[in-house]
Amino acid sequence: MAALRDLTFEGFVEFQFGRAVRLHGNPWYFDADGDWWWPEPRTGIAFLTRLFAEGATVLECYHDDQIAQGLTGLVNTMAVGDQPWMRDPVTPAEARAAVWNAVAVFFGDVLAPRCVPELGHVATEAASPLNTVTYMWWESFPGFTNPDDPGRALVDDAELAALERILELDSAACQEAALHGLGHWVRQEGRCEAIVDRYLASGKAAMPELVAYAEAARCGCVL
């Protein structure tokens, strides 16, 4: 068992997404004797940015289940613990903000085309694995910055811009994910209300249920 610090980008992608999805038992990233990717923060930021910006090409040979598993094992703090990349003050804020720009690209190029038109907050049965990762992105992705981070405003602005860009996608799953994120942000960031209001006024809700969900998100009432 070892922390892998020196993988190339190509090696990182294969390590993270090339695993078979097990029919039974826990995913590979829960193996007690397994390796895990743990780069220094600047490398982590650079690889995440490239992965998200070039995801349509980088991940084209992987199945949806592999992508969902790889993303969960990469950025879901409940699965792999607290990752330091986005809150590392040594990494320039411009580089950390660029991750959010790339996330918006990833939603448009990878998640929107692959997700099925189902909503997580009203699902009566488990949605596809990739839908679940999409819906829970802002519950899971370690994107927060520390309160005393001098680059916090720049990173936060980039995240809000990414959320608004994702709301413009013609994808119910992606719109729901962005509303979910805004619903968690709204109590500490007043600009979230304006973003939701612009979304509602645009008439771009991909499903009627998203109008009600947007109104709930505006009040911070999301699951």
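The charged end of Arg19 sits over the ring of Phe15, 4.5 Å from the ring centre. The charged end of Arg19 also sits over the ring of Trp28, at 4.0 Å from its centre. A charge counts as over a ring if NZ of Lys or CZ of Arg is within 6 Å of the ring centre and within 35 degrees of the ring normal. The model is predicted: local features need pLDDT of at least 70, side-chain atom pairs count only at pLDDT 80 or more, and totals for chains, interfaces and linings use all residues. Residues are numbered from 1 along each chain as its sequence is written, and side-chain values use heavy atoms, with hydrogens and water left out.

Aromatic pairs number 18 in the structure. Rings of Phe, Tyr and Trp (its six-membered ring) pair if their centres lie within 6.5 Å; planes under 30 degrees apart count as stacked, over 60 as edge-to-face and the rest as tilted. Phe9 and Phe47 form an edge-to-face pair, 5.5 Å centre to centre with 90° between the planes. Phe9 belongs to helix α1 (residues 9–17) and Phe47 to helix α2 (residues 41–53), so the pair ties together parts 38 residues apart in sequence. Helices are DSSP runs (H or I, at least four residues), numbered from the N terminus.

Phe47 also pairs with Phe12. Their ring centres are 5.5 Å apart and their planes lie at 40°, so this pair is tilted. Phe12 in helix α1 and Phe47 in helix α2 are 35 residues apart, and their pair links distant parts of the chain. Phe9 and Phe47 are both buried, and so is Phe12. Buried means under 20% relative accessible area (1.4 Å probe, protein chains only).

One aromatic cluster is formed by Phe52, Trp100, Phe106, Phe107, Trp137, Trp138 and Phe141.

Key: Helices (H or I, at least four residues) and strands (E, at least two) are DSSP runs, numbered from the N terminus. Buried means under 20% relative accessible area, exposed over 50%, partly exposed in between (1.4 Å probe, protein chains only).
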